[in-house]
Every structure is written in structure tokens, then in C-alpha cells.
Amino acid sequence: HRAFGTFENIRSGARPLGMSEAFIAVSDDANAIHYNPAGIFQVRYPEALAMYVQHFPGLDFGDISSSYIGGIYNFGQAGVFGLSFYRFRVSDPDIFLGYSENALTLSFARTAFNGLLIGGNFKFYLNGFDISTIDTLNAISGNYFGSNYDIKSADIDLAGLYHFKKTIFSFENFRSGVVFENILGANVGIV
């Protein structure tokens, strides 16, 4: 028997969410860390953002929440670096349930040549149950989960963003972006 988990892919940022997440070709603020890391190169000044969301408020089931904090700093010719931390949490103290998915992301971007930006993310994941949750699950399942309550894994993203000065359609400032996410296929399964 195996149990598989999936890392929650809940995005952040009022601007990208307001654009129905059509942000890959724009990606010109601190939200670019998660949408298109190549876009962080467009940020000229230090930026930071934070978010907290309680999903399904009013449910009679503990707490389901997401929190995010991230920032970008431009080092000039050396490139632009970003750092973010994301956490998805489900907890209910009445039944001793506690599960979290955490991601620490380091981003880097620079210009490749005129109009082409390249970037990438290194992501470190730590997912798992609280110890009290594992004890409860083992009592119910006959020690099925053992002591494997933390999963650590890593993954990378690669991205590009191209800014066309003039296009064949005469649109000015036309941009195109591409992102390859989770290239290594990190194992975030429990057990």
C-alpha cells in the first residue's frame, strides 16, 4: 500500500489573481517568483509582499489556511534574486489533525540578450503531519504510517520572458513567456 500526496498549488498575489492568473508574460513584480521567475529581472527596486488566506471560513472544521511571504532584490549586473516562503496548513485540534505543506523558494533572473530574460527557481519542500496526527493515524490503521511524518524534497523551475519591441502585427510592447515547472518531479508523497 502507498499513499500519495500532492503539493497544493494555490497561487498568491492580488494582481495575478485579478488577471485570472494570466501573469506569465507580465511578471513584473514580486509575484513573478511563482508565475515566471525570469520576470523578476524587471523589478528595479527591492519589493516584498505577504499574504494570508483562511480557506472556507465558517466551516466547523478547524483551520485551512495559506500564508506567503516573498521578496526580491536587484543586484544590478549580477542579476536579481528572490526568496519566498509558502505554507498550506490544515488543522483541527478536536481530532488531533495537523498537516502542512511548506515551500522555500530561491529565485534568480538575468538578461540573456536584448529582449530575452531567463530565470529559475530552486524549491525546497517540507510536507508532513504533526506527531500527534501520526500517532492517531497509526492507532486507527495498525501502524501503517510508521514514523514517516516529514517528507523533504526539492525541485527546480526554468523560465523565459521575451519582450518584442515591434511585432508583425504592429503591437507595441508585446511579451511572451514560458515556464517549465517542477522539472525534477519532486516526490511529495506521504509514506
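This report describes the aromatic pairs and a nonpolar surface patch of a predicted model.

## Basis

Local features require pLDDT of at least 70 and side-chain atom pairs count only at pLDDT 80 or more, while totals for chains, interfaces and linings use all residues. Residues are numbered from 1 along each chain as its sequence is written, and side-chain values use heavy atoms, with hydrogens and water left out.

## Aromatic pairs

The structure holds four aromatic pairs (ring centres of Phe, Tyr or the six-membered ring of Trp within 6.5 Å; planes under 30 degrees apart are stacked, over 60 edge-to-face, the rest tilted). The rings of Phe23 and Tyr35 are edge-to-face, because their centres lie 5.5 Å apart and their planes meet at 75°. Phe23 belongs to the loop between helix H1 (14-18) and helix H2 (32-35), and Tyr35 to helix H2, so the pair ties together parts twelve residues apart in sequence; helices are DSSP runs of H or I with at least four residues, strands runs of E with at least two, numbered from the N terminus. Phe23 is buried at 0% relative accessible area, and Tyr35 is buried at 4% (buried is under 20%, exposed over 50%, partly exposed in between, with a 1.4 Å probe and protein chains only).

Phe81 and Phe108 form a tilted pair, with 4.9 Å between centres and 50° between planes. This pair links Phe81 in strand S3 with Phe108 in strand S4, 27 residues apart. Phe81 is partly exposed at 33%, as is Phe108 at 29%.

## Nonpolar patch

A nonpolar surface patch of about 950 Å² includes Phe81, Tyr73 and Phe122; its residues have over 30% relative accessible area and no salt bridge, with nonpolar side chains joined within 5 Å (a salt bridge being a Lys or Arg side-chain nitrogen within 4 Å of an Asp or Glu carboxyl oxygen). Strand S3 gives the largest share, three residues.

Definitions and conventions: Patches are made of residues with over 30% relative accessible area and no salt bridge: like charges are joined within 9 Å, nonpolar side chains (Val, Leu, Ile, Met, Phe, Trp, Tyr) within 5 Å. Accessible areas come from the Shrake-Rupley method with a 1.4 Å probe; for residues, only the protein chains shown count as cover.
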